[in-house]
Structures are given as structure tokens and as C-alpha cells.
Amino acid sequence: MTASDAFAVGDLARDEGLAFRCFCGLRRFRRDELVALVGADARLHHVGLRPELWCGTCREPPLNGQIVVIEDRRDE
Ligand SMILES: [Zn+2]
């Protein structure tokens, strides 16, 4: 039983995001990107199952999602 089971996208801090590893590498989503894609009430525990977040290149579902603190930059 972990806290992340009940943790939703909307509970992330503004400078937090999720990182997903797929066949291509590591992709990162900022909080507001996640809210736009899956909604603020999407549970983080299940968010990797949402096809909106799957990689457009390799079409692989994310192997795992990790909560990471990312800087709030417009682009890299
Ligand atoms: Zn990929």
C-alpha cells in the first residue's frame, strides 16, 4: 500500500511531472501537460495505461512512470 495509489495528476506540484521510459528513451510530461492530456483527476497509479501518454514513435505503452521533479521550462 503506497501513497501513490490515491495520488492524482492534480496533486502534483506545479514544478513536478512524470517521466516514462519507453523503447525510444525517457519522455517527460509537466503537470499541466498531464492535466491537458488525461485530466487532473487521473490517478497516477493508472496513468501509464492511458493511450494519450503512449509514445507516438514506437507506440509502446510506458514501461513505468516515475514522479520526478522537473523544472518548469517552456521547452528544452
Ligand atoms: Zn517510444
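What share of the contacts in the chain with a separation of 6 or more is accounted for by residues 24 or more positions apart? And where does P61 lie?

A: This is a predicted model, in which local features need pLDDT of at least 70 and side-chain atom pairs count only at pLDDT 80 or more, while totals for chains, interfaces and linings use all residues. Residues are numbered from 1 along each chain as its sequence is written.

Among the contacts with a separation of 6 or more, 65% join residues 24 or more positions apart, where a contact means that two C-beta atoms, placed from the backbone, lie within 7 Å. The chain contains 1 helix and 3 strands, arranged along the sequence as β-β-α-β; helices (H or I, at least four residues) and strands (E, at least two) are DSSP runs, numbered from the N terminus.

P61 itself sits in the loop that runs between α1 (31-38) and β3 (64-69). P61 counts as partly exposed because it has 14 C-beta neighbours inside 10 Å; a residue is buried with 20 or more other C-beta atoms within 10 Å of its own, exposed with 12 or fewer, and partly exposed in between, the C-beta atoms being placed from the backbone. Leaving aside residues up to four places away in sequence, P61 touches G48 and W54, and its C-alpha atom is separated by 7.0 Å from that of L49, which is 12 residues apart from it along the chain. Across the chain, buried residues make up 17% of the 76 residues.

As for confidence, the mean pLDDT of the elements is highest for α1, at 94, and lowest for β3, at 67, pLDDT being the predictor's confidence in each residue, from 0 to 100.
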